[in-house]
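Colleague: I am new to this model and would like to get my bearings. Could we look at it together and take a few residues one by one?

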Amino acid sequence: MLSINASMLMLRSRGPYAVRVSSALPYINPFDDGRSPTGAAAGMDEASSLIDAVFRFERAVTRIGNTRLRPWKMTLSSYTALRILANQPHLSLAQLSRRCYARPQTMTRMVTQLENRGFVARAAHPESERALSLQVTEAGLAALEEMSDEVLKISDTLNATLGRDDIVATDGRLRQAALVVENELRDMGRPEE
């Protein structure tokens, strides 16, 4: 889980990725349930407000996903790893880690837990002598099918709220923004986390 305070991030880049800063938007506290007194505006520009909204959305999806997965004693991160493996068998631990945007140490712990539950099996990788191949077991596929019915209600909610066209447009723009920020990080000479 990311531990960055999104309200502190300001996308005021220099160079080829510069963003024009316009009028400030009010800060919306992601934990404000509407009952507490409103704080002073934090003077966030549109890009900073977008970052805050993305973090808030990520937290909300993680919380509801974890809540819906509680009967299976799973987290949304573990469910995502299992789902990726079901769609792309024979991934190595490093490949799965990259696809889940997780650190290798975190992924090792997660895969070990899934393996202990009988949901994932490790075997010799068909393309590498040194890597192990990860595969979802029959028990893992059965559990994934049960869990998906519950977890994918999030998609139904988004489709009903935003509509397909808005979702497709937002998805494209956020992925484009992610590439720009990742390229800026590379240009700084820092490895991606």
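Colleague: Which residues does Met-110 touch, not counting residues up to four places away in sequence?
Modeller: Met-110 sits in helix α4. This is a predicted model, where local features need pLDDT of at least 70 and side-chain atom pairs count only at pLDDT 80 or more, while totals for chains, interfaces and linings use all residues. Residues are numbered from 1 along each chain as its sequence is written, and side-chain values use heavy atoms, with hydrogens and water left out. With contact meaning heavy atoms within 4.5 Å, the residues that Met-110 touches are Ser-77, Ser-78 and Ala-81.

Colleague: Is Met-110 buried or exposed?
Modeller: Buried means under 20% relative accessible area, exposed over 50%, and partly exposed in between, using a 1.4 Å probe and protein chains only. Met-110 has a relative accessible area of 9%, so Met-110 is buried.

Colleague: How far apart in space are Met-110 and Thr-75, C-alpha to C-alpha?
Modeller: Along the sequence, Met-110 and Thr-75 are 35 residues apart. In space, their C-alpha atoms are separated by 9.7 Å.

Colleague: Let's step back to the whole chain. In what order do its elements run from the N terminus on?
Modeller: Helices (H or I, at least four residues) and strands (E, at least two) are DSSP runs, numbered from the N terminus. The chain comes to 7 helices and 2 strands. Its elements run in the order α-α-α-α-β-β-α-α-α.

Colleague: What share of the chain's contacts with a separation of 6 or more comes from residues 24 or more positions apart?
Modeller: The chain has 193 residues, and 25% of them count as buried. Of the contacts with a separation of 6 or more, the share from residues 24 or more positions apart is 54%.

Colleague: Leaving out residues up to four places away in sequence, which residues does Val-120 touch?
Modeller: Val-120 is one of the core members that touch the most others. Its contacts beyond those sequence neighbours are Leu-82, Leu-85, Val-111, Leu-114, Glu-115, Leu-134, Gln-135 and Thr-137.

Colleague: What does Ser-92 contact, leaving aside neighbours within four places in sequence?
Modeller: Ser-92 lies in the loop between α2 and α3, and it is buried, with a relative accessible area of 10%. Ser-92 and Leu-132 are 40 residues apart in sequence and 5.6 Å apart in space, C-alpha to C-alpha. The contacts of Ser-92 are His-125, Ala-131, Leu-132 and Leu-134.

Colleague: That loop also holds His-90. What is the phi of His-90 near?
Modeller: His-90 is partly exposed, with a relative accessible area of 34%. Most residues other than glycine have a negative phi. His-90 has a positive value, near 70 degrees.

Colleague: What about Lys-73: about how many degrees is its phi?
Modeller: Lys-73 is found in the loop between α1 (46–69) and α2. Its relative accessible area is 72%, so Lys-73 is exposed. Although Lys-73 is not a glycine, its phi is positive, at about 55 degrees.

Colleague: Which residues is Pro-126 in contact with, leaving aside neighbours within four places in sequence?
Modeller: Pro-126 is in the loop between β1 (120–124) and β2 and counts as exposed, at 59% relative accessibility. Pro-126 and His-90 are 36 residues apart in sequence, with 7.6 Å between their C-alpha atoms. The contacts of Pro-126 are His-90 and Ser-133.

Colleague: One last stop, in helix α5 (residues 138–151), where Ser-148 is found. Is Ser-148 buried or exposed?
Modeller: The relative accessibility of Ser-148 is 15%. Ser-148 therefore counts as buried.

Key:
Core = buried A, V, L, I, M, F, W, Y, C linked by side-chain atoms within 4.5 Å.
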